[in-house]
Amino acid sequence: MKRNQFNSSPLAYLLIAPQIIITFVFFIWPAGQALYQSFLVEDAFGLGSEFVWFENFIYLAEDEYYRDSFGRTAFFSLMVAFTSMSFALVLAGFAERATRGVLAYRTLLIWPYAVAPVLAGALWVFMFDPSLGIVTYFLKLFGIDWNYKLNGNQAMALVIMVAAWKQIAYNFLFFLAGIHAIPRSMIEAAAIDGSGPIRRFWTIIFPLISPITFFLLVINTVYAFFDTFGIIHVMTQGGPANATEILVYKVYNDGFVGLDLGGSAAQSVILMVIVIFLTGIQFRFVEKKVEYK
Amino acid sequence: MKFISSIAGLLLTASVSFIPAAWAQTEVQWWHAMGGVNGERVDKIAADFNASQSEYKVVPVYKGNYTETVTAAIAAFRAKSHPHIVQVFEVGTATMMAAKGAVYPVEQVMNDSGESFDKSDFLPAVISYYQTSDGELLSMPFNSSTPVLWYNADALKKAGVAVPITWAEMKSASEKLLASGMDCGFSFGWQSWVMIENYSAWHDIEIGTKENGFTGFDTELRINNPHVKRILGQVADWSKSGLFKYGGRRGDSLSMFTNGECAMWMNSSAYYGSIKSQAKFEYGQSMLPLDTEAASERQNSVIGGATLWVLRGHEQEEYKGVAKFMTYLSSPEVQAWWHQETGYVPITKSAYELSKSQGFYASNPGTDTAIQQLNLNQPTPNSRGLRFGNFVQIRDVINEEMEAIWNGSKSASDAMDASVSRGNQLLRKFERANR
C-alpha cells in the first residue's frame, strides 16, 4: 500500500503555528477555564475555592428563575428572528422591484446595522421613556398607558422591536442577494402565464430562497441569544421583575455584578453547548446546500 | 464566549493600566468610580495632596461605575496587579470583608504606618457601617449619603399642605396635591435602600438576623415582617389612584420629580447637585416620614455611598503613602469642601462643625438634613447598617419583587416572602463560598 501523504516538514508546523496559537489562547484556553470554573465554588477574590463537581449545574437546574429565563430567551429569540426576517423579506421584495434610486434605498436600509447595540438602545430609550418619550406622548393620546419600566410585556415588546430593527439590514442584504440569484427567465415565464407579483413571490421566489431563510433563521437566533446584550443592558437591565432577563444577561449579572463566578461559568458552559448545537445544525443542513427541488 | 472574552479583556486592561512606579516618588494607585464632575473633584483632591508633599504621588484612575470598579479590582487582584486603594460601594462591604487575605483594614494601615488616627472624630452612623463587631475600622468612608424626602415647595404651597412628617401625612398631602392638579404625589428611587433598608433602620426594625449580618455569615433576612409588608401594601394601594408612581430603579425617577410630575421624591441627599441644576421650582429636603404604626419615634437612617478599601500585596513603604493620603482625605478642610460641593455627608464631626462655621447650612437651608438624620440617635444593632454577602444580587431580587408589587402581579406579602426565601438562598451561597 502506498501512503498518500505529504512529508511533514517543520516549516508546515511553523506556518500554521500562529493560527493554532491564536485559537488556543483566545478560544480553547478561556473555554477550558470556563469549564473548569463551572465546577468550582469560589469567593470573589479567588482566595479559597472548592471543587464541587456538578453542584453549580444542579443549582441552576433547580432554580425556577433560571428555567424561566430559558423559556423567555427562546420566546425572545424566535420573536426577534420572525419579526426582523419578515420585515426584511418584505423590504427586499420591494427593493427588487424598484426601478429608480435603488442604490440610495439600499444604502439607507443598511444603515441601522452600523449602529452599535448600546447606541440603538439609547436612541429607543429616548423615544419610549415613560415620562419624557415622544412616542409615549402619542400613545397617551390614544389612551395607551405606556410604562415599560413597570409593565413586563411592554418591556419585552420594546426590546424585541429594537433587537429586530437592528437586524433587519443584515437580513435584507441576504434576501436581496437571494432574490437576485433567481434566474429572471423563471419569473418572466410565470408572468407570461398570467400570475401577478404577489403570487409570483409566494410560489416562486419564496420557495427558491428557502435555504437562505433557513440560514438566516439560525443566524438570527444566535444573534438574539448573544448579541442583544448591549440593547438589554441599556434599556431594561433585565427588568422589570425579570421580564427581559435572557440567558446571556443573567450570565453577566451573576458573574460580573453578583461575583458568583462558579454559577456564572456554569451558565456560560450551558450557553456554549447551545451554540455548538446551533452551529451543528447550520453545518448539517445549510453548508450541505439543501436546495429546493 | 462573549463572557469569556470579556474576562480575558478585563484581565488584559487591568494589567496594562497598572504601571509600577519607577520614580523616586512612591506611587499610590487609587481606582475609583466617580465619573463626571465628581471625577474632577477626585482628581483635584489627589492633585492637592500631591502638591502638599513630595514623597508620595497618588494616581486616581476612573474605572467605570461601582460594579465595574469592584470587578476590575478583583480581576486585577487575581492577576496580582491591583491598586493600593479601591473605592467600593456599601453593599460590597460583606464581599470585601470576607476577603481577609486581600484586604488590609484601614485602621491597621494607619497604625502600622505610625499615622495618628482619631476614630472618635468620625460620625458614628457613618463608620459603624464599616466596622467589625469589635470596632475595628475596615475601610475609609469617602462618599456617604442617606435618603431624604425631597419636595417641590411650589407644588406644596399651591395645594396648601405642609411638608409631611408621617406616612399618614404623606397620603393626605398627596391627595391634596392630586386635587390641586399634580400628576402624582410622590415617588422614590433606589427602592430597596430607601423603602426596605432605611425604612427598617428608621423604625428600629431588624433587616436580618445576626445583627443585620454583622456578627456572622449565617444570617437570614427578616424583611418579610408585618411592618414592611404593610407599608409596601399601602403604597401599592396608593399607586392605583396615582398618589404614588413608580419610576424605575436607582435614580431613574429623578426626572419625574424635576419635571414637576411628582411633588415629592425620596432618594439620596447626594442628588442635591442634579436637582439644583434641573429643578425649575423652589425645592427643599426634609427628614424621611415616620410610620407611626411601626414606631413612635425615629431612630436614625443608614448611609449609602462608598468607602476606600486598601488591598494587600504591596511594599510597606507604599502603605505609608496610603496612610498619609487617608489622613489628608479625612482632614476637616478637604471633607467640608467635598461635602459642600457634592451633597455627600461630611465623615467627621470637625468637618461638620467647619461647614457650620463657614455658614454653609445657613445660606443653604435643608442641606444638613442628611447629617441630622444620621446623627439622630446612637445607632442600634438594627440601624447601624447591614452586612449581607451577595447583597448586590439580593438587592436585584428585592427590586424584581418590588416591581411585581407595583405592577400588581404580586401582593406585598407574597413578594416580601419571596424576597426572603430567594435572598436567603443567596446568603447560603455566599456562606458556602466563604467558609
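How many helices and strands does chain A have? After that, please take me to helix α11 of chain B.

Guide: Happy to. This is a predicted model, so to speak of local features a pLDDT of at least 70 is needed and side-chain atom pairs count only at pLDDT 80 or more, while totals for chains, interfaces and linings use all residues. Residues are numbered from 1 along each chain as its sequence is written, and chains are lettered from A and ligands numbered from 1 in the order in which they are written.

Chain A has 13 helices and two strands (DSSP runs numbered from the N terminus: H or I of at least four residues for helices, E of at least two for strands). Chain A is more spread out than a compact globule, because its radius of gyration is 24 Å, well over the 19 Å that the globule rule gives for 293 residues (taken over C-alpha atoms; the rule is 2.2 Å times the number of residues to the power 0.38). The C-alpha trace of chain A spans about 80 × 75 × 30 Å along its principal axes. Buried residues are 34% of the 293 in chain A; buried means 20 or more other C-beta atoms within 10 Å of a residue's own, exposed means 12 or fewer, and partly exposed lies in between, with C-beta atoms placed from the backbone.

Now to chain B. Its domain assignment (automatic or from a database) gives domain 1 (2-145 + 303-375) and domain 2 (147-301 + 389-433). Their C-alpha centres lie 28 Å apart, and 18 residues of domain 1 are in contact with 22 residues of domain 2 (contact: C-beta atoms, placed from the backbone, within 7 Å). On the domain 1 side, α4 and α18 (369-375) of chain B are the elements that give two or more residues, and α18(B) gives the most, with four.

Here is the helix you asked for. Helix α11 of chain B covers residues 226-240, and its end C-alpha atoms are 22 Å apart; at 1.5 Å a residue the 15 residues should span 21 Å, so the two agree (the expected span is 1.5 Å times one less than the number of residues). In α11(B), the buried residues are Val228(B), Ile231(B), Leu232(B), Val235(B), Ala236(B) and Ser239(B). They cover an arc of only 140 degrees around the axis, so they sit on the same side of α11(B) (the arc is that of the directions from the helix axis to the C-beta atoms). Pro226(B) and Lys240(B) are exposed, on the face of α11(B) turned away from its buried side. After α11(B) comes Gly242(B), with a positive phi near 85 degrees.

What does the buried side meet? The buried residues of α11(B) pack against α8 (167-179), α9 (191-202), α19 and α20 of chain B.

Two of those names lead on to chain A. The contact between the chains takes 38 residues from chain B and 32 residues from chain A. On the chain B side, the elements that each supply at least two residues include α19 (391-406) and α20 (412-433), and the largest share, seven residues, comes from α19(B).

Technical notes: Contact = placed C-beta atoms within 7 Å.
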